[in-house]
Amino acid sequence: MVLVDDAGGEWPMIGHAPWNGCNLADFVMPFFLFIVGMAIALALKKTPEKLVAIRKVILRTLKLLFWGLLLQGGYFHDLDKLKYGVDMNRIRWCGILQRIALAYLVVSIIEITRQVQFKGLPTGWFSIFKLYCWQRVIGACVLVVYLATLYGTYVPDWNFVVQNPDSVDFGKTLTVTCNVRGNHPPCNAVSYIDRQVLGINHLYPRPAWKRSKACTKRILSSISAIHSTVVGVHFGHVLTHMKDHSSRLLHWVGMGIAVLVLGIILHFTDAIPLNKQ
């Protein structure tokens, strides 16, 4: 993360891809979410009391939200200019830690409320999928809602004020012509929902999309972040339930290759392009 943050501006192949595509930095956040999912499966495998576990999860979520707002809300973004504190009219409500907190909360609650008590893993390749079938159903429903919103939301024209003092258009109000549906930069559902719910002043001021004049996002893509965490939970279930190392590796590699092939097909057929932004 230090590498991509400090060197990404000099070598674009290290920093985030401006829009469609995948660079080194685009792996950081999904890996964070995957690790959170693995930790959930391991930490909650023996929960003596559901209400106690839920209270602990809520407390940890609030801690993550606090540190997210403190570290990524804008308090320390202008230390080079000796400007301490934050303008509440421009505070960044949604950052990396806030998104991790949301994914952790949702997936942990699902894991606790639908926890499986078993004495032994049934035989068969798909037994672990059947064991946690309700989690898969919930994940599939969330994915359907996400894709329907992403590709079905109508995005109208929108305006913004140029904030860069070095720009010749500084202070001017410019209009982005959209009137489309689907995921098109700079007219996409995720940025449209952010502007409507959070307001454009509360979005990240220096996102990678500026290199391609596309739009940033936070709220809607938090749903896909939940799915990355769910994948980690599944791999954690494999680690917990399967006692044989060769069986674990076979399941992990098999599922990993299957998902990788699916992702490559979706990307190169332009059905659902790889897009971190």
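**Figure 1. Helix α6 and the side of it that is buried.** Helix α6, residues 133-152, has 20 residues and spans 28 Å from its first C-alpha to its last. This is close to the expected 28 Å at 1.5 Å a residue, where the expected span is 1.5 Å times one less than the number of residues. Helices (H or I, at least four residues) and strands (E, at least two) are DSSP runs, numbered from the N terminus. The model is predicted: local features need pLDDT of at least 70, side-chain atom pairs count only at pLDDT 80 or more, and totals for chains, interfaces and linings use all residues. Residues are numbered from 1 along each chain as its sequence is written, and side-chain values use heavy atoms, with hydrogens and water left out.

Gln135, Gly139, Tyr146 and Leu150 of α6 are buried. They lie on the same side of α6 because they cover an arc of only 30° around the axis; the arc is that of the directions from the helix axis to the C-beta atoms. An α-helix has 3.6 residues a turn, so residues three or four places apart point the same way. Cover for the buried residues of α6 includes α4 (96-113), α7 (189-197) and α8 (221-241). Buried means under 20% relative accessible area, exposed over 50%, and partly exposed in between (1.4 Å probe, protein chains only).

**Figure 2. Glu111, a buried residue without a salt bridge.** Glu111 is found in helix α4. Which side chain of opposite charge is nearest to Glu111? That side chain is Arg136, 7.2 Å away. Lys and Arg count as positive, Asp and Glu as negative, and His and the chain ends are not counted. A salt bridge needs a side-chain nitrogen of Lys or Arg within 4 Å of a carboxyl oxygen of Asp or Glu. Leaving aside residues up to four places away in sequence, Glu111 touches Ile40, Ala41, Leu44, Tyr132, Gln135, Val233 and His237. Contact means heavy atoms within 4.5 Å.

**Figure 3. Asn179, in the loop between β3 and β4.** Strand β3 covers residues 173-176 and β4 covers 180-181. Asn179 is not a glycine, although its phi is positive, at about 55°. Asn179 counts as partly exposed because its relative accessibility is 42%.

**Figure 4. Asp270, in the segment after α9.** Helix α9 covers residues 245-268. Asp270 is a residue other than glycine, with a positive phi near 60°. Its relative accessibility is 60%, so Asp270 counts as exposed.
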